[in-house]
Structures are given as structure tokens and as C-alpha cells.
Amino acid sequence: MEESGSNFIHDIIEADLKEGRVTNIVTRFPPEPNGYLHIGSAKAIWINYTAAKKYGGKFNLRYDDTNPVKEDDEFVRSIEEDLNWLGAVPTGGIFYGSDYFDKCYEFAEKLIMDKKAFVCDLTQEQMSEYRGTLTEPGKDSPYKNRSVEENLDLFRRMKAGEFADGEKTLRAIIDMSSPNMNMRDPVIYRIIHANHHRQGNKWCIYPMYDFAHPIQDALEGITHSLCSIEFENHRPLYDWVIDNIGFEQKPHQYEFARLNMTYTVMSKRYLRKLVETKTVDGWDDPRMPTLCGLRRRGYTPSAIFEFISRSGVSKTYSMADSGFLEYCICEELNETALRRIAIKEPLKVIITNYPEGKTEYFEMPNHPKKPELGTRSLPFGREIYIERSDFEKEQILGFIRLIPGGEVRLMGAYILKCTNVICGADGEVLSLEGTVDLETRNNKPIDGRKVKGTIHWLSLQHCIDTQIREYNHLFNRENVANLLEDDNFNEFINPDSLVIYENCKAEKALEGAKDGERFQFVRSGYFTPDSKYNGVFNRIAPLKSSYKPE
RNA sequence: UGCCGGAUUGUGUAAGGGUAGCACGACAGACUCUGACUCUGUUUGUCUGGGUUCAAAUCCUAGUCCGGCAACCA
């Protein structure tokens with residue numbers, strides 16, 4: 001992961017460094033272990049990781065696990081796996097927000113003693129009423145004037161488990177008339193009698209994010225706490241906590257725009273829904289924007305970071321073109337992927353002028369522009385398969401493939417002429433007959449005639465069976481982020497987001513292709529073996545085509 | 001009718017008083033035993049109105065539009 005380029009966050013860091021406000025940069029990635037990481041998480045990782053790296057600082061991973069009912073070890077493991085895969089090493093260490101619960105508790109008591117927090121008995125409904133609205137100020141809780149002693153006693157009894165969930169909360173004393181809702185005496189501790197994935201039953205009171213996060217940042221010596229725009233309104237509260245607890249070294253929060261992409265959703269809520277409704281084949285479905293989905297699809301961490309890096313960082317609401325992500329993986333794979341032949345919809349061709357039982361071998365380059373990547377030999381025989389779409393019964397404007405009586409180059413082999421079309425009763429093409437020009441092995445036709453098209457082929461005797469899965473946009477609308485409010489997004493699901501081809505043929509060299517290997521299937525796209533199902537190749541991305549049928 | 005942000009070509013992002021640049025896309029052409037890759041060229045932009053200035057995307061001002069905020073979620 002390179003730290004090339006710059007953005008407004010780097011400008012801030014450079015100014016802080018220059019003015020001597022900070023010396024050692026420390027950033028952090030604070031995922032809540034309540035779901036799988038997605039490409040938007042990768043953006044947050046990249047921003048934090050590269051900011052620290054560029055300025056010689058540290059990058060922490062911190063599981064933000066302050067709510068026991070939502071979090072799970074399963075997600076801790078998946079986050080770890082995804083981070084490993086990305087190669088985002090937490091140079092500053094791995095932490096858990098819940099490991100700071102003792103500290104949080106201590107600071108909460110301090111706030112009480114400083115008359116900056118009180119125990120409130122209001123129910124959730126009541127609190128909502130007291131809070132006011134966006135345009136009207138709230139009013140003070142009737143419990144706001146409890147004495148320090150009473151508050152301390154009550155808070156300790158909350159901790160001791162004397163009260164039921166929701167019976168009491170600890171609230172910061174700030175300002176019920178603040179235009180910022182977050183400052184209207186926000187709850188900082190609530191009672192939850194639940195088993196915590198890491199703390200077990202040690203606690204029955206848990207700090208809220210707004211209280212815990214600045215504390216965690218301060219304790220870890222985070223200098224720049226980078227998060228997405230939605231937390232912008234929380235910054236005053238973040239600063240309030242830091243100031244009122246009295247940390248000497250103050251971390252500062254800065255916000256950037258989260259990643260949105262066309263034709264997909266990024267919120268955990270909707271991703272979960274896609275999984276739960278079985279719209280997709282799990283969190284790692286290759287159509288999902290999750291990191292495990294992208295991994296299974298065949299994307300590389302480098303392509304993902306290239307995409308994020310080149311997309312830039314700003315505070316402007318934006319919608320990244322998912323075609324650009326595809327461009328980034330193709331750009332990389334064009335350089336690195338070995339070329340192979342696979343045929344999605346095979347059409348048999350019998351070469352009538354080629355001896356029965358004869359097999360000859362053609363050396364095919366593994367990469368057209370990189371001879372150092374070697375060659376493999378491809379057997380050729382009297383019966384071959386070609387791609388059904390490379391044949392047309394009639395000449396079509398702009399079509400430069402095989403037609404009856406026409407010629408086409410068999411890639412790396414001879415020029416083939418179609419001499420006969422065998423059709424079924426309904427006119428469907430069953431197979432072809434043809435002849436090859438034996439003079440054209442490694443040669444252009446001697447009579448100088450021009451043969452424009454080149455198609456790929458496979459010897460019927462020597463190929464293996466396989467299945468190919470092509471993936472397209474999950475949604476049929478560019479912007480689905482705003483269209484899902486009514487919860488029935490089924491009508492926006494692209495029915496062709498997964499297309500399975502059952503009876504495909506592939507060259508022998510593809511047999512036993514391993515997890516994580518990526519190939520270019522010539523004239524088709526980039527593919528990788530599926531990690532879940534044997535004998536299946538997933539299409540990572542198609543090759544571009546400038547062929548536009550009229 | 002509240003508060004906080006934001007607005008630069010189709011998309012994303014630079015330039016922060018001095019020639020609006022880059023990438024992707026689109027279009028046109030060259031090359032090609034992958035209609036890929038590569039190469040060449042073209043196109044389109046500073047939200048609007050005022051103001052300051054020799055000079056404004058940039059500063060001021062008034063609007064407009066967009067995003068976020070009323071969990072004991074993060």
C-alpha cells in the first residue's frame with residue numbers, strides 16, 4: 001500500500017507537524033465487530049494507514065466493541081482475516097475498546113464528581129420528549145439536579161447490577177438548548193445485562209460510543225482521529241469529553257466523505273439484508289462489495305487500494321463509478337495474468353481436411369507482451385470447439401468472425417474456412433464443418449488475401465469441462481443508496497447479476513488451478529477459480545469490447 | 001422556520017488571487033494472430049446573482065441546491 005499523493009488530511013497533518021502541535025502521528029481504524037468489512041472500510045483503512053505511514057507514525061487497529069448485544073467474535077475473526085489479506089499491518093498494535101472499560105468508568109465517576117454528569121431516571125420515550133426537536137430546544141431532565149453523592153451512589157449501584165436494563169442512564173451535563181442534538185445532555189452510560197464477547201459478565205453498564213471513543217483515542221495517543229462525515233456533528237461532544245476529562249494530549253477528529261459506488265450498497269444494514277433474504281450467496285458472494293466478496297470474486301488488494309487512492313479523499317458527497325474499480329483490476333491483471341483459453345458456449349467444428357487421429361501442438365505464449373512468462377503447448381486436432389458467438393449464419397455489418405464460406409484465424413494455428421453448417425430441425429446451429437489452410441501455420445496466406453478475425457479454439461479431445469460464472473452489477477440502478485428506504489429493493493436487483501454457464505470447455509493447463517490464481521481467458525475476461533465450489537471459474541471482470549453491433 | 005458540512009466537465013479529484021490540470025468515460029483514428037492492451041487526437045467544467053481587485057474557482061455578500069443530525073447504535 002503506497003502513500004503516494006496527498007489530500008486535505010495530509011495538509012492538516014503537515015500543518016500540525018510544522019507548528020509543533022504533534023510530533024508522532026498515530027491513527028487508528030476502529031471497526032465495530034458487528035459485520036463484515038467492505039470496500040468502504042478499505043477506504044478508511046487506507047486513509048488511516050497511509051497517513052501514518054507517510055509521516056513515519058503508527059497505525060492502530062481497534063475493535064470498537066462497546067455494545068455487547070451487537071458484537072461477536074465471528075466478526076473479530078473476519079476483520080482480522082480481511083486486514084491480513086489487505087496487508088494493512090497495525091504497526092501501532094491491536095486494541096479493543098472494551099479493554100478501556102475500567103478507565104471509562106473511572107472517568108465517568110470523575111465527571112459526576114465534577115458535576116458534569118448525572119444519573120437520569122427518564123424512560124426512553126420521556127427522554128425523547130425532553131430532547132426537543134431540530135428546531136425547538138429541549139428541556140432539562142427533572143433528575144438533573146441530583147447531588148454528587150446521590151449520583152455517585154446511583155451510578156455505583158448501576159454498575160453493581162441493582163437496576164434493570166433501561167431503568168437508569170448516566171448523562172453528561174451540557175446544554176439542552178444546544179442547536180446540536182448531540183450536546184443535549186447525551187447519554188454516556190447505559191445498563192445492558194448481556195454477555196460481552198470479550199469481557200464476559202464483568203459489566204452490566206456500557207459506555208456509549210460518543211463517550212468511549214475519545215477516551216480510547218486519548219489513551220492510545222491517537223493524534224488524528226479520522227472518520228466519516230456522519231460524525232461531524234459529534235465532534236463538539238468528542239472535544240467536550242476530551243476537555244472535561246482533562247487529557248493533556250488532545251486527539252482531534254477530522255471527517256472525510258465515505259465511499260459510495262454506483263450499482264451497489266455499502267451500508268451494513270442492507271448488506272445484511274441481501275444475505276438474510278438469500279438474494280446473494282452469503283457475505284462472500286462475489287457480487288458483494290464486502291472484502292471477502294471481492295476476494296472471492298478475484299480482486300486483489302493492490303487493485304482495491306489503487307482504486308481508492310486514485311479516487312481521492314475529500315469532504316464532498318460523491319458516488320464513485322464502479323466501472324473505475326473494474327478498470328483498476330483489469331489494468332493490473334493485464335500485466336500479471338497468464339493467458340488461457342476457455343470456451344463459454346462451445347460449438348463443434350470438424351476439420352474435414354485434417355487427418356483423423358492426428359494431434360499436433362502449438363506453442364502459445366502465456367502473455368503476448370511478456371515472453372519471459374513462457375509458453376505452453378496447446379494440442380490441435382481434427383475436431384475442435386470454438387465459441388458459439390464467433391459464428392454467424394449470415395454476414396452482419398461489422399462482424400469479423402466466422403460465417404459460412406468465410407475465413408477466420410484460429411489463434412496461434414491455421415486459418416479456418418467454414419464449408420458447411422449443420423443445423424437442427426429448428427434451425428439451430430449444431431456444428432460446423434470446415435477446412436484449414438495448412439500453409440498458414442505461423443504464416444499469412446501466401447496469396448496475400450486478408451483474413452481479419454482471430455478466434456480462440458480448443459481441441460475437443462484434449463479439453464476439460466468447467467463451469468463459468470459471470471457477475472454483473474447487483475442492482476440495476478446507478479444510485480441505490482437513496483432508493484432503499486421502503487425496504488423492498490427486490491425490484492432494483494439486477495436479474496442478470498449472476499449468469500451461470502454450465503457446459504464450458506477449458507484447456508488442460510487450467511486443471512487444478514489454485515485459489516488466488518488469476519487468468520485472462522483470451523478474448524473474454526479475467527477469471528479465478530471459485531474458492532467455494534470446485535470446477536467453477538468466477539469472472540473477475542470482462543475484457544472491454546469496442547464491437548458495437550448495429 | 002434549527003444546526004453542521006459541501007458544491008470544479010458525464011464521474012471522481014487537483015489548483016486556494018495570476019494559462020482551470022489529471023484519471024476514468026465518451027467520440028474519432030492508428031496498431032493488432034485477443035474487437036483486449038498500446039498509441040494519437042477531440043469533446044465537455046469552476047452552482048447563481050452582486051461586490052473587492054489590473055486579475056476571482058480561490059476573498060466578501062446574498063441566494064440556490066445537495067448531504068448529515070432528534071438510538072439507552074457505531
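Which handedness, left or right, does the crossing of H11 and H12 have? The crossing of these two helices is right-handed, where right-handed means that the near helix is turned clockwise from the far one by less than a right angle, and left-handed that it is turned anticlockwise.

Before going further, note that this is a predicted model, in which local features need pLDDT of at least 70 and side-chain atom pairs count only at pLDDT 80 or more, while totals for chains, interfaces and linings use all residues. Residues are numbered from 1 along each chain as its sequence is written, chains are lettered from A and ligands numbered from 1 in the order in which they are written, and side-chain values use heavy atoms, with hydrogens and water left out.

**Stop 1: H11 and H12**

Select helix H11 (301-311) and helix H12 (322-336); helices are DSSP runs of H or I with at least four residues, strands are runs of E with at least two, and both are numbered from the N terminus. The axes of H11 and H12 lie 9 Å apart at an angle of about 130 degrees, the axes being lines fitted to C-alpha atoms over the stretch in contact, with angles that run from 0 to 180 degrees between N-to-C directions. That angle makes H11 oblique to H12, since angles under 35 degrees count as roughly parallel, over 145 as roughly antiparallel, 65 to 115 as roughly perpendicular and the rest as oblique. Now show the side chains: Ser302, Ala303, Glu306, Phe307, Arg310 and Ser311 of H11 meet Phe324, Leu325, Tyr327, Cys328, Ile329, Glu331 and Glu332 of H12, where contact means heavy atoms within 4.5 Å. By class, this contact has seven nonpolar, two polar and four charged residues; Ala, Val, Leu, Ile, Met, Phe, Trp, Tyr, Cys and Pro count as nonpolar, Asp, Glu, Lys and Arg as charged, and the others, Gly among them, as polar.

**Stop 2: RNA strand B**

Next select RNA strand B, which 62 residues surround, the closest being Asp64, Ser311, Arg339, Lys369 and Gln520; a residue is near the strand if one of its heavy atoms lies within 4 Å of it. Sugar and phosphate account for 61% of the RNA atoms that come within 4 Å of the protein. The surface near RNA strand B has 21 nonpolar, 24 polar and 17 charged residues.

- Val313 has a backbone N or O atom 3.3 Å from a phosphate oxygen of RNA strand B.
- Met319 has a polar backbone atom 3.2 Å from a phosphate oxygen of RNA strand B.
- Gly412 has a polar backbone atom 2.7 Å from a base oxygen of RNA strand B.

Among the elements that give two or more residues to this surface are helix H5 (124-131) and strand E6 (187-191).

**Stop 3: H4 with H7**

Move to helix H4 (residues 101-113) and helix H7 (residues 209-219), whose axes come within 10 Å and cross at roughly 115 degrees. That makes H4 roughly perpendicular to H7. Lys103, Cys104, Phe107, Ala108 and Leu111 in H4 meet Phe211, Ala212, Ile215 and Leu219 in H7, and these contact residues divide into eight nonpolar, no polar and one charged.

How values were computed. Polar contact = N/O pair within 3.5 Å; in protein donor to acceptor, adjacent residues only side chain to side chain.
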